[in-house]
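Welcome, and please load the model in your viewer. We will go from the whole chain to single residues, one selection at a time.

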Amino acid sequence: MPALRRALPVLAQRVAEPGIAEWAAIAEAWDDLCEQMDHEAPDWRHGPIKAQGVTAMLNCFRELETA
């Protein structure tokens, strides 16, 4: 979603704020997440998939909220 993409750098700057760290880290790594998703499952737009690498990346971001 192009409109959302423009807001990602603003969100990424808020990585130190409690309650926002996970989302800010995801915003900061958005291009890497998209690249990994395209690598693991190039047809992801056509139906449900499992992308273990992307799942592992997202799990790391969740840990930011508990750290």
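Start with everything selected: of the 67 residues of the protein chain, 24% count as buried, where buried means under 20% relative accessible area, exposed means over 50%, and partly exposed is in between (1.4 Å probe, protein chains only). Before going on, note that this is a predicted model, in which local features need pLDDT of at least 70 and side-chain atom pairs count only at pLDDT 80 or more, while totals for chains, interfaces and linings use all residues. Residues are numbered from 1 along each chain as its sequence is written, and side-chain values use heavy atoms, with hydrogens and water left out.

**The whole chain**

Switch to a cartoon view. You will find four helices and zero strands, in the order α-α-α-α from the N terminus on. These elements are DSSP runs numbered from the N terminus: helices are H or I with at least four residues, and strands are E with at least two. Along the principal axes, the C-alpha atoms fill a box of roughly 35 × 30 × 15 Å.

Next, look at contacts, meaning heavy atoms within 4.5 Å. Among those with a separation of 6 or more, 39% join residues 24 or more positions apart.

**Helix 2**

Select residues 21-28. Is this helix mostly covered or mostly open? Helix 2 is mostly covered, with six of its eight residues buried: Ala21, Glu22, Ala24, Ala25, Ile26 and Ala27.

Pick glutamate 22 in this helix. Its relative accessible area is 16%, so it counts as buried.

From its C-alpha atom to that of glutamine 13, twelve residues away along the chain, the separation is 8.8 Å.

**The largest pocket**

How much space lies in the largest pocket? The answer is about 340 Å³. Of the 14 residues that line this pocket, select the ones closest to its centre: Trp30, Leu33, Cys34, Met37 and Trp44. Helix 1 (2-12), helix 3 (30-40) and helix 4 (52-66) are the elements that give two or more residues to the lining, and helix 3 gives the most, with five.

For the method, a pocket is an open set of points on a 1 Å grid over the protein atoms alone, where a 1.4 Å probe fits, with protein on both sides within 12 Å along at least five of seven lines; lining residues have an atom within 4 Å of a point. The volume is the space filled by probe spheres set on the points.

**Last stop: cysteine 34**

Keep cysteine 34 of helix 3 selected. This residue counts as partly exposed because its relative accessibility is 28%. Its C-alpha atom lies 8.7 Å from that of valine 54, 20 residues apart along the chain.
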